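Visitor: I'd like to learn how to read a model like this one, feature by feature. Can we go through it together?

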Amino acid sequence: MFPFNDAGMISGLVCGALFGFVLENAGFGSPSKLTAQFQLRDWSVFKVMFTAIVVTALGLYGLRAAGLMPADAVFVPTSFLMAAAVGGAFVGAGFAIGGYCPGTSVVGLFSGRLDALVFLVGLLLGTVVFAGLYGPAIEAIMAMGEVQAGDTFTDAYGIPEVTMLALLIAALVAVFYFGSWFERRSAGPVTSEQAVAGAGSQTPV
Amino acid sequence: MLISTEFSARKVRPFWSPLVAGLALGLVLLLTFVLTGHGLGATGASTRMTAWLGLAVAPAATQANSYLGPLVEGGNPLASWISWQVIGVAIGALVAAFFGGRFRIQLDGARSVGAPRRLVAALGGGLLAGFGARVAAGCTSGLGLSGAATLAVAAFVFLGLFFATGLIVSRLVKGV
């Protein structure tokens with residue numbers, strides 16, 4: 001029954017608009033709030049991401065368990081672990097230096113931030129650099145570390161899905177608990193006033 | 001706060017709590033999976049934008065390129081669901097920022113590190129992220145968030161290295 005496999009304009013605009021609306025309301029258009037995650041003073045990025053991951057994973061599991069969605073009906077990224085590791089390191093470095101990730105730079109730009117536009121130009125340049133280097137050598141590196149058995153923890157390592165969901169919920173509780181502990185002993189989460197006033201406006205504690 | 005009244009008549013409203021924002025984001029992501037069979041993303045669109053610009057500026061080189069070439073074979077590379085989704089992100093963010101009193105034209109980070117440094121950092125950071133997202137075939141949204149929700153191994157590897165590297169690099173370089 002599900003998914004509808006809709007690839008049209010309306011679902012793109014609706015899903016995107018809701019995504020952008022939630023990200024901005026979470027504070028993720030602000031580079032000072034986003035990078036505060038790496039300074040461990042504001043754990044909003046991890047709290048929001050882990051909550052969303054758990055909600056969606058439980059929802060997908062529930063839909064399958066109810067017989068509303070067949071197995072393997074949604075896209076699962078292929079387990080090219082070397083590519084994921086190297087790419088993750090580059091995106092993490094770019095996030096720490098530039099203040100955004102690709103998606104949040106769109107949110108930053110449309111909350112008025114011109115530095116986010118510069119980040120987006122950099123994003124296109126990075127794609128050009130990659131395309132220029134692309135060839136058999138980079139393809140071989142990217143194909144390294146593939147788990148042949150499968151792409152999910154269940155298929156790749158035989159960990160039951162309910163175990164994975166339980167681990168994720170435990171990780172979510174840990175992120176909120178330890179994250180809040182770090183927030184209490186530092187300057188604390190970046191408020192909307194501080195975010196709007198821009199990086200550097202916060203009074204250090 | 002004093003800061004909020006200095007800039008605009010519209011009151012700056014607080015951000016949603018991380019729990020509320022996370023629940024909302026999870027429901028939006030679940031809706032996306034149900035409607036389309038895949039998750040949310042971003043760099044799918046920026047890659048297509050690169051191919052589109054390449055076709056306009058250097059058509060022969062773009063068509064000959066082994067990465068961008070296949071994207072421009074079937075006509076307009078921007079004609080894709082992900083392009084509409086990113087336009088949607090822009091609209092949603094604009095609406096949220098406006099009604100939250102949080103829309104400000106600014107070079108965020110100019111005050112903390114100075115405008116020239118902020119511009120270089122934003123460009124360099126974007127370049128690194130753009131390159132990395134092509135290596136991983138996804139970014140924080142497309143691979144990290146959407147992939148993790150499908151319990152994909154690659155997504156958690158991506159998130160682990162993303163966080164570890166960010167933690168280290170943010171201590172070495174101040175870009176915001």
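Predicted model: local features only at pLDDT ≥ 70, side-chain atom pairs only at ≥ 80, totals over all residues.

Visitor: Is H4(A) largely enclosed or open to the outside?

Guide: Burial is a matter of counting neighbours: 20 or more other C-beta atoms within 10 Å makes a residue buried. In H4(A), 16 of the 18 residues pass, so the rest of the structure largely encloses this helix. Just past its end, Gly99(A) has a positive phi of about 90 degrees.

Visitor: Where do the nonpolar side chains go?

Guide: In soluble globular proteins, they tend to be buried together. Here, the largest nonpolar core has 114 residues, and those touching the most other members are Val22(A), Ala93(B) and Phe158(B). Helix H3 of chain A, residues 44-65, is the top contributor, with 12 residues. Both domain 1 and domain 2 of chain B supply at least three residues each.

Visitor: Which residues is Val22(A) in contact with, leaving aside its neighbours within four places in sequence?

Guide: Ala21(B), Ala24(B), Leu25(B) and Val28(B). There's also a second, separate core of 6 residues, with Ala36(A), Ala195(A), Val196(A) and Ala197(A) among them.

Visitor: How many residues does each chain bring to the contact between A and B?

Guide: Chain A brings 116 and chain B brings 115. Sorting one side by class is a handy next step: on chain A's side you get 69 nonpolar, 39 polar and 8 charged residues.

Visitor: How many helices and strands are in chain B?

Guide: Chain B has 10 helices and 0 strands. Of its 176 residues, 59% are buried. For its overall extent, look along the principal axes: the C-alpha atoms fill a box of roughly 55 × 40 × 35 Å.

Visitor: And which domains does chain B have?

Guide: The domain assignment gives domain 1 (1-105) and domain 2 (107-176), with C-alpha centres 16 Å apart. Where they meet, domain 1 of chain B puts in 9 residues and domain 2 of chain B puts in 10. On the domain 1 side, helix H3 of chain B (residues 43-57) gives the most, with 4 residues. That side has 3 nonpolar, 6 polar and no charged residues.

Notes
Residues numbered from 1 in each chain as written. Chains lettered and ligands numbered in written order. Contact = placed C-beta atoms within 7 Å. Nonpolar A, V, L, I, M, F, W, Y, C, P; charged D, E, K, R; others polar. Domains from an automatic or database assignment. Helix = DSSP H or I, 4+ residues; strand = E, 2+ residues; numbered from the N terminus. Buried ≥ 20, exposed ≤ 12 C-beta atoms within 10 Å, placed from the backbone. Core = buried A, V, L, I, M, F, W, Y, C linked by C-beta atoms within 7 Å.
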